[in-house]
Amino acid sequence: MDKIIVEGGRALTGEVNISGAKNAALPILVSSLLTDGLCTFSNVPNLKDIESIKLLLSHLGAKIETDGDVVKIDASNILNHEAPYDLVRKMRASILVLGPLIARLKKARVSLPGGCAIGARPINLHLKGLACLGASIELKHGYVEAYAKKLKGSEIYLDVATVTGTENIMMAAVLAKGSTVIHNAAREPEIIALADVLKKMGADIHGAGTSAITIMGVSSLSPVSVSIIPDRIETGTLMVAAVLTGGDVKLLGAEPDHLEAVIHKLSLTGAKIKIDGKNIRVKGIDNIASVDVKTLPYPGFPSDMQAQFMVLMSVAGGLSLIFETVFENRFIHVGELKRMGADITVAGNAAMVKGVKMLSGAPVMASDLRAGASLILAGLVARGKTEVNRVYHLDRGYEALEEKFAGLGAAIKRVKE
Ligand code: EPZ
């Protein structure tokens with residue numbers, strides 16, 4: 001398993017390009033299942049999770065060609081309705097094929113995704129929504145078995161504003177008969193991006209980005225050529241790195257509107273942030289102010305930025321309270337940060353972070369995607385050498401992160417094992 005070695009203490013300077021958004025690309029690539037013909041997706045990030053979803057789509061019968069950041073998918077002959085355990089267990093977002101398969105083939109057999117490090121990750125609301133649309137759902141031998149003669153529009157109330165749940169239901173409802181309203185829908189930019197693609201395919205959708213999405217079913221959808229929006233979590237991660245190291249970094253090809261809560265909180269720490277269209281310039285300062293944060297569904301502060309912000313707070317000047325309200329076990333990175341000298345006390349879903357003068361480099365282990373990124377950030381600012389193990393977690397969601405940091409002057413390298 002590869003590891004990443006970082007020598008801390010260098011201020012990051014220069015320019016860096018933002019890659020396409022993982023959490024937009026995944027549902028958008030899956031939406032090709034809803035069409036007969038060739039879809040072209042550009043600005044697709046080169047990530048392990050993207051490889052996994054392409055593997056699954058080709059297993060279902062799609063023809064896929066990749067050329068750099070362009071992925072072409074022809075789903076004219078989808079013959080297989082089954083997503084097997086060995087593919088789904090690699091990436092939970094595989095569950096996104098459930099809605100489109102039911103809409104397209106009227107049946108689906110998809111392995112239940114297990115939990116993961118950050119939480120149980122149930123899919124009960126995905127299944128509730130699809131059942132409201134008329135699918136019969138059974139759980140057998142670790143699989144979801146779903147059938148639907150004809151999907152019919154319905155009013156659907158989500159107890160939690162689930163992101164992939166909203167996406168799954170939306171991708172089924174677009175080919176259902178009649179009108180569907182999804183209440184308490186997720187409002188993330190990735191939901192809007194998916195709705196924009198579906199509308200370009202010919203779907204009739206209103207209200208994406210609000211908590212009530214109305215969908216009038218249509219009889220068929222046509223293939224499209226679209227570009228993936230920039231990754232707001234990669235953007236936030238790189239912004240934290242610039243502030244953390246007291247650097248001066250220009251992020252190119254970002255979407256500042258997608259991370260207002262993060263920009264607001266970073267400004268409160270004293271960071272100098274200048275927005276110029278799709279570019280964001282971030283300058284760090286010596287005395288980082290401690291700021292409290294509570295993670296919430298969009299447009300609140302994203303759970304996916306919690307670990308990264310915690311690293312910044314661990315070297316800030318005071319006391320910061322960080323509440324994680326989205327997932328039940330998303331403080332796994334705390335133990336590793338404490339081994340680097342961070343002063344953090346966890347009580348339930350709250351973490352009290354007392355800023356220290358300096359972190360010290362150490363061998364640490366990534367436990368999930370964003371926790372892994374936070375350990376790299378800690379290594380950038382710690383005294384001495386940090387060795388981050390199990391970087392395959394990082395490779396799932398960050399495109400060549402160590403190369404981007406090296407390009408900004410960090411002393412960082414990947415050691416292949
Ligand atoms: C999406 O996961 C993202 N993944 C996650 O990003 C992100 O952290 C999360 O949304 C929250 O923003 C993708 O988009 C591929 P949820 P998702 O369903 O859809 C509960 C990353 O690092 N819930 O919105 O799985 C659930 O337990 C990943 O890129 C139910 O109770 O998240 C959680 O507490 C990590 N029943 C809350 O909702 C359900 O049926 C939010 O989960 C579904 C969810």
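What follows covers a helix pair, a loop residue and the nonpolar cores.

This is a predicted model, where local features need pLDDT of at least 70, side-chain atom pairs count only at pLDDT 80 or more, and totals for chains, interfaces and linings use all residues. Residues are numbered from 1 along each chain as its sequence is written, and side-chain values use heavy atoms, with hydrogens and water left out.

**The helix pair**
- Helix α5 (residues 124-132) packs against helix α6 (residues 163-173) at an angle of about 20 degrees, and their axes are 8 Å apart.
- That makes α5 and α6 roughly parallel (angles under 35 degrees).
- On the α5 side, Leu 125, His 126, Gly 129 and Leu 130 meet α6 residues including Thr 164 and Ala 172 (contact means heavy atoms within 4.5 Å).
- By type, the residues of this contact are four nonpolar, five polar and no charged.

**A loop residue**
- Look for Ser 94 in the loop between α3 (85-88) and α4 (98-105).
- Ser 94 is buried, at 2% relative accessible area (buried means under 20%, with a 1.4 Å probe and protein chains only).
- Beyond its neighbours within four places in sequence, Ser 94 touches Ile 53, Leu 56, Leu 87 and Val 88.

**The nonpolar cores**
- A nonpolar core is a set of buried Ala, Val, Leu, Ile, Met, Phe, Trp, Tyr and Cys residues joined through side-chain atoms within 4.5 Å.
- The largest has 76 residues, and Leu 29, Val 97, Leu 98, Met 170 and Leu 198 have the most contacts inside it.
- Helix α7 (residues 189-201) gives the most to this core, with seven residues.
- Apart from that core lies another, of 66 residues, including Leu 12 and Leu 408.

Terms used
Axes are lines fitted to C-alpha atoms, for helices over the stretch in contact, and angles run from 0 to 180 degrees between N-to-C directions. Helices (H or I, at least four residues) and strands (E, at least two) are DSSP runs, numbered from the N terminus. Angles under 35 degrees count as roughly parallel, over 145 as roughly antiparallel, 65 to 115 as roughly perpendicular and the rest as oblique. Ala, Val, Leu, Ile, Met, Phe, Trp, Tyr, Cys and Pro count as nonpolar, Asp, Glu, Lys and Arg as charged, and the others, Gly among them, as polar. Buried means under 20% relative accessible area, exposed over 50%, partly exposed in between (1.4 Å probe, protein chains only).
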